[in-house]
Amino acid sequence: MKSILPTLFGSTGLVLLIACTATAAPGTGPGFKGPIGLQLYSLRDQFKKDVPGTLDEVKGWGIKYVELAGTYGMPPEQFKAELDKRGLVPISAHFPYEKFRDDIESIATEAKALGLKYAGCAWISHEGDFTEKTCREAIAVFNKAGEALAKHGLKFFYHVHGYEFQPHGQGTLLDLLISETNPKYVSYEMDIFWIVHPGQDPVKLLDKYAKRWELMHLKDMKKGTPTGLLTGHTDVTNDAALGTGQMDLPAILRAAKKAGVKWYFIEDESPWSEQQIPQSLKYLEEVKF
């Protein structure tokens with residue numbers, strides 16, 4: 001059957017019609033191209049009460065990619081099936097440091113059951129200040145874990161959490177950690193909140209260690225939140241919707257693109273994350289840089 005579209009719209013009108021209907025994915029726009037996902041820890045309280053209903057909410061925001069932090073009592077295979085039902089694609093997940101140190105094969109098994117590309121660590125266990133001794137122990141754990149996971153087709157990453165900026169030599173313990181971990185097996189996730197909280201500059205670190213940062217957590221910091229602290233802790237109410245806080249997000253996103261960040265995840269630990277996540281998606285759709 002001959003199409004009547006050219007007759008109705010003309011060739012130019014048809015091109016415009018097609019262009020208008022090919023809308024960008026939620027959370028992307030003229031400036032920010034993604035890919036953008038959600039760290040499901042943002043909805044941890046909701047997941048504890050209702051896993052299927054919370055996944056429905058995630059799907060309702062138009063989100064496709066997710067990063068996990070546990071499966072809320074479900075076996076990995078069942079949680080993956082719930083994701084599949086909604087077209088949600090798990091990219092990465094966080095696992096405990098002790099598991100990477102003591103039982104890496106169990107992580108590989110769970111990660112494969114979940115269909116992950118990456119398995120990462122978000123906290124190095126330590127008492128008091130983070131020390132060179134603990135840092136060097138973590139370097140050994142991460143190099144060994146990264147090599148073991150690579151045999152299963154998985155990538156290891158470490159999520160920086162702010163306490164790693166203790167002074168060391170001419171730099172910090174983060175410099176030691178990155179320089180002594182094998183780039184072939186260990187990549188990094190930059191949580192921009194946990195770079196600014198200790199008083200560091202995400203743009204400079206993205207430039208300094210370009211290609212090591214493969215993943216990124218996007219969150220804003222409430223205006224007036226104290227910085228220059230090396231604790232790795234803050235009140236969750238200091239998480240703000242993107243574009244409403246004190247981060248220079250256009251500069252960070254520009255530097256992340258230049259550094260080759262592959263995956264972005266909104267993470268919002270605040271009690272009002274359900275209200276702020278749609279705001280953050282809208283900001284990313286409109287931001288220019």
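Predicted model: local features only at pLDDT ≥ 70, side-chain atom pairs only at ≥ 80, totals over all residues.

Analyst: Residues are numbered from 1 along each chain as its sequence is written, and side-chain values use heavy atoms, without hydrogens and water.

Helix α6 spans residues 104–114, and its axis comes within 8 Å of the axis of helix α4, residues 76–85. Helices here are DSSP runs of H or I with at least four residues, strands runs of E with at least two, numbered from the N terminus. The two axes cross at roughly 25°, on a scale from 0 to 180 degrees between N-to-C directions of lines fitted to C-alpha atoms over the stretch in contact. The angle therefore makes α4 roughly parallel to α6 (under 35 degrees; over 145 is roughly antiparallel, 65 to 115 roughly perpendicular, the rest oblique). On the α4 side the contact (heavy atoms within 4.5 Å) is made by P76, E77, F79 and K80, and on the α6 side by E110, A113 and L114. These residues comprise four nonpolar, no polar and three charged; Ala, Val, Leu, Ile, Met, Phe, Trp, Tyr, Cys and Pro count as nonpolar, Asp, Glu, Lys and Arg as charged, and the others as polar.

Helix α6 also packs against α7, residues 132–150, with axes 10 Å apart and an angle of about 45°, which means that α6 is oblique to α7. In this contact I104, E105, I107 and A108 of α6 meet A145, A148 and L149 of α7. By class, the contact of α6 with α7 has six nonpolar residues, no polar residue and one charged.

Leaving aside neighbours within four places in sequence, F100 is in contact with I107, A145 and L149, among others including F95, V141 and F156. I107, A145 and L149 also take part in the meeting of α6 with α7.

Elsewhere, helix α11 (residues 249–259) has L249, A251, I252, L253, A255, A256 and A259 as its buried residues (under 20% relative accessible area; exposed is over 50%, partly exposed in between, with a 1.4 Å probe and protein chains only). Their cover includes α10, β9, β10, β12 and α12. Just after α11, G260 has a positive phi of about 90°.

Helix α12 (residues 273–286) holds Q276 as well as Q279. Q276 is buried because its relative accessibility is 10%, whereas Q279, at 40%, is partly exposed. Beyond four places in sequence, Q276 is in contact with D239, A240, A241, D268 and S270.

Some loops hold backbone details. The peptide bond from G34 to P35 is cis, with omega near 0°, and P35 lies in the loop between α1 and β1. Y72, which is not a glycine, has a positive phi of about 55° and sits in the loop between β2 and α4. K211 has a positive phi near 80°; this residue lies in the loop between α10 and β9 and is exposed at 61% relative accessibility.
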